[in-house]
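Take each task in turn, try it yourself, and then follow the solution step by step.

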Amino acid sequence: MAEEAATSEGGTRCGFIALLGAPNAGKSTLTNALVGSKVAIVTPKVQTTRALLRGIAIEGQAQLVFIDTPGIFQPRRRLDRAMVATAWGSAHDADIVALLIDAKKGLDDEAAAILDKLGEVRQPKVLILNKVDLMDKPSLLALAQAANARAKFEATFMISALGGDGVADVRRWFAEHAPEGPWHYPADEVSDAPSRQLAAEITREKLYLKLHQELPYQSTVETEVWTERKDGSLRIEQTIYVERESQRKIVLGKGGQTIRAIGAAARRELAEILERPVHLFLFVKVREGWGDDPERYRVMGLEFPKE
Ligand SMILES: Nc1nc2c(ncn2[C@@H]2O[C@H](COP(=O)(O)OP(=O)(O)OP(=O)(O)O)[C@@H](O)[C@H]2O)c(=O)[nH]1
Ligand SMILES: [Mg+2]
């Protein structure tokens, strides 16, 4: 009796839930929906998320720590390898693993490869078919059946992370299945990311939205200066690193118009999130080979792969 009381004091539960899936499956959108506020950046482009981000939600007596992960794909560059390795690593550290599949794409090669490798993960797993707003019911059932035939899932959900359909059911299920134990974070915390990092991510999101082809993938954003001014406003200075001078020119745009648009969009959102005026200064620097520089990985919170 005494032992039981010690493990379930106050009846609280706390669960770490890794959200895994191919790039663009909707992991970050779902993280935000489950948390109830924007903690992760989202774009229509693949490989938006680069490092782990914990989004925290409370459901009844349970604290749920959702781990948003980079999409899993066939990596080519060193950065890709770091992203994919960190995603799989999070699965092994979590209490429960959720696999997200973009229902519109179905069981394509990318999703099938993840499903097959999921067998090596011992944790309980659930299947989440996302983007059901784009699908009809019969094809969803067929997809659920095919995925369940390839891996063992405790439950299957069909949701729209974007529209919100089914999200509450997912949150409730995790709350019921989270291990008993004390909460890991303060009750009002929604994310483990420091504000400086969130600020860099917001700018990177605007960069992804404004730039095309390979450029987003060849850039990274770091917050260098964060000063609170006497009038309560914030001065934030960030550097956007690119690989080549030609890329720097594209990020700046004609007469600086592209960087101004990126800065204006990022500043607006930051002021809203941080609830105070923000002065945002963006600098674009060429750093050839930043993708092979261990320091950049440290700042992103990624392990630096040896090759
Ligand atoms: N129609 C529809 N679109 C969705 C839904 N969920 C996400 N999306 C869209 O899918 C795109 C990718 O969403 P993300 O949340 O960034 O996907 P992700 O899995 O985090 O992608 P990576 O970080 O690149 O691995 C965005 O344009 C979202 O708006 C959904 O339920 N329905
Ligand atoms: Mg993401």
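The exercises below concern a predicted model.

**Exercise 1: An aromatic pair**

Task: Classify the ring pair formed by tyrosine 208 and tyrosine 217, and decide whether each residue is buried or exposed.

Solution: 
- Step 1. A pair of aromatic rings is described by the distance of the centres and the angle of the planes.
- Step 2. For tyrosine 208 and tyrosine 217, the centres are 5.6 Å apart and the planes make an angle of 75°.
- Step 3. Ring centres must lie within 6.5 Å to pair, and planes over 60 degrees apart count as edge-to-face. The two tyrosines therefore form an edge-to-face pair.
- Step 4. Buried means under 20% relative accessible area. Tyrosine 208 has 0% and is buried; tyrosine 217 has 11% and is buried too.

**Exercise 2: A second pair**

Task: Do likewise for tyrosine 297 and phenylalanine 304.

Solution: 
- Step 1. The ring centres of tyrosine 297 and phenylalanine 304 are 5.0 Å apart, with the planes at 80°, so this pair is edge-to-face.
- Step 2. Tyrosine 297 is buried, at 0% relative accessibility.
- Step 3. Phenylalanine 304 has 29% relative accessibility and counts as partly exposed, because that class lies between 20% and 50%.

**Exercise 3: The largest nonpolar core**

Task: How many residues has the largest nonpolar core, and which element gives the most to it?

Solution: 
- Step 1. In soluble globular proteins, nonpolar side chains tend to be buried together.
- Step 2. Here the largest nonpolar core has 42 residues. Among those with the most contacts inside it are Leu20, Trp88 and Leu129.
- Step 3. Several elements give two or more residues to this core, including strand E1 (13–21), helix H3 (78–93) and helix H10 (294–300). H3 gives the most, with 7 residues.
- Step 4. Now look around leucine 129: leaving aside residues up to four places away in sequence, its contacts include Ile101, Leu140, Phe157 and Ile159.

**Exercise 4: The magnesium ion**

Task: Find which residues coordinate the magnesium ion (ligand 2), and say where they lie in the chain.

Solution: 
- Step 1. Ser28 (OG) and Thr49 (OG1) coordinate the magnesium ion, at 2.0 to 2.1 Å.
- Step 2. Serine 28 belongs to helix H2 (residues 27–35), while threonine 49 is in the loop between H2 and strand E2 (53–59). The pair therefore ties together parts that are 21 residues apart in sequence.
- Step 3. Serine 28 is buried, at 8% relative accessibility, and threonine 49 is buried, at 11%.

Conventions
Residues numbered from 1 in each chain as written. Chains lettered and ligands numbered in written order. Predicted model: local features only at pLDDT ≥ 70, side-chain atom pairs only at ≥ 80, totals over all residues. Heavy atoms only, no water. Phe/Tyr/Trp six-rings, centres within 6.5 Å; stacked < 30°, edge-to-face > 60°. Buried < 20%, exposed > 50% of the residue type's maximum accessible area, 1.4 Å probe, protein only. Core = buried A, V, L, I, M, F, W, Y, C linked by side-chain atoms within 4.5 Å. Helix = DSSP H or I, 4+ residues; strand = E, 2+ residues; numbered from the N terminus. Contact = heavy atoms within 4.5 Å. Donors = N, O, S within 2.8 Å, 3.2 Å for Na, K, Ca; no water.
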